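The sequence and model are shown below.

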Amino acid sequence: MPRIAPIDTAHADAAVQTTLAGVKAKIGMVPNLFSTFAQSPAVLNGYLALSDALGKGVLTAKQREIISLAVGQANECSYCLSAHTLMGKGAGLSPEAIRKAREGSAETALDAAVASLARRLIDVRGQVLDADLVAARSAGLGDAHIVEIVANVAINVLTNYTNNVALTEIDFPKVDVELRSAA
């Protein structure tokens, strides 16, 4: 049972209804997270604007999903792990790549650097060492990548924490937070 209920769209104000209708038109559904964000239209609109802007950055859709999976795992967010496992598949991640992302790694050196920096940011609350940035740059990440990784970590912390606080009902194929060893 959610601790913060998603809004009842039928009783939401016209602006929220329009925003959520736009979400549904774009992705085919209104995820429960978005209906929960709609408790504060400022949060819903801020999230959508930042998400849209990050989608136009230097990181690929696959790299953004790698970050989402790494951060969701670190923050033990079942909702986000479920959503981003599905979206990660859509972005071209194999089941093994999804597992590696959840572990803070990836199949290529560049994507592994993305995952590693994202996980490091969570682990040290942004207090990275010079050596962390040297390693990221040595793997091919530029400053735009690094700043966008920080922003993607931040937006995922927002979704993870909201879901963990609200106990948002998962409306994607459920993924267990516990990582089981590969067989």
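Helices are DSSP runs of at least four residues, numbered from the N terminus. The model discussed here is predicted. With helices numbered in this way, Glu76 is placed in the loop between H4 and H5.

**Overall fold**

The protein chain contains nine helices and zero strands, and its pattern along the sequence reads α-α-α-α-α-α-α-α-α. Its radius of gyration is 16 Å, close to the 16 Å that the globule rule gives for 183 residues, so the chain is as compact as a globular protein of that length. The C-alpha trace spans about 50 × 40 × 30 Å along its principal axes. Buried residues account for 41% of the 183 residues. Of the contacts between residues at least 6 apart in sequence, 73% join residues at least 24 apart.

**The H4 and H5 pair**

Helix H4 covers residues 61-74 and helix H5 covers residues 78-90; the two pack at an angle of about 155°, with their axes 9 Å apart. Angles over 145 degrees count as roughly antiparallel, and H4 and H5 are therefore roughly antiparallel to each other. The crossing of H4 past H5 is left-handed. On the H4 side the contact is made by Glu65, Ser68, Leu69, Gly72 and Gln73, and on the H5 side by Leu81, His84, Thr85, Met87 and Gly88. Classified by residue type, this contact of H4 with H5 comprises three nonpolar, six polar and one charged residues.

**Helix H6**

Helix H6 (residues 95-102) has as its buried residues Ala97, Ile98, Arg99, Ala101 and Arg102. An α-helix has 3.6 residues a turn, so residues three or four places apart point the same way. The buried residues of H6 pack against H4, H5 and helix H7 (109-123). After H6 comes Gly104, with a positive phi near 85°.

Ser35 belongs to helix H2 (residues 32-37). Its relative accessibility is 6%, and Ser35 therefore counts as buried. Neighbours within four places in sequence aside, Ser35 is in contact with Pro6, Ile7 and Val30.

When residues up to four places away in sequence are not counted, Asn152 touches Leu54, Leu59, Arg64 and Ile67. Ala154 also has its place in H9. The C-alpha atoms of Ala154 and Leu59 are separated by 15 Å, and these two residues are 95 residues apart along the chain.

**Loop residues**

Glu76, in the loop between H4 and H5, has a positive phi of about 50° although it is not a glycine. Arg125 is found in the loop between H7 and helix H8 (130-138). The phi of Arg125 is likewise positive, near 55°, in a residue other than glycine.

**Accessibility of selected residues**

Under 20% relative accessible area a residue is called buried, over 50% exposed, and in between partly exposed.

| Residue | Relative accessibility | Class |
|---|---|---|
| Asn152 | 4% | buried |
| Ala154 | 43% | partly exposed |
| Glu76 | 56% | exposed |
| Arg125 | 74% | exposed |

Key
Residues numbered from 1 in each chain as written. Predicted model: local features only at pLDDT ≥ 70, side-chain atom pairs only at ≥ 80, totals over all residues. Heavy atoms only, no water. Axes fitted to C-alpha atoms, helices over the stretch in contact; angles between N-to-C directions. Parallel < 35°, antiparallel > 145°, perpendicular 65-115°, else oblique. Left-handed = near helix turned anticlockwise from the far one by under 90°. Contact = heavy atoms within 4.5 Å. Nonpolar A, V, L, I, M, F, W, Y, C, P; charged D, E, K, R; others polar. Buried < 20%, exposed > 50% of the residue type's maximum accessible area, 1.4 Å probe, protein only. Rg over C-alpha atoms; globule rule 2.2 N^0.38 Å.
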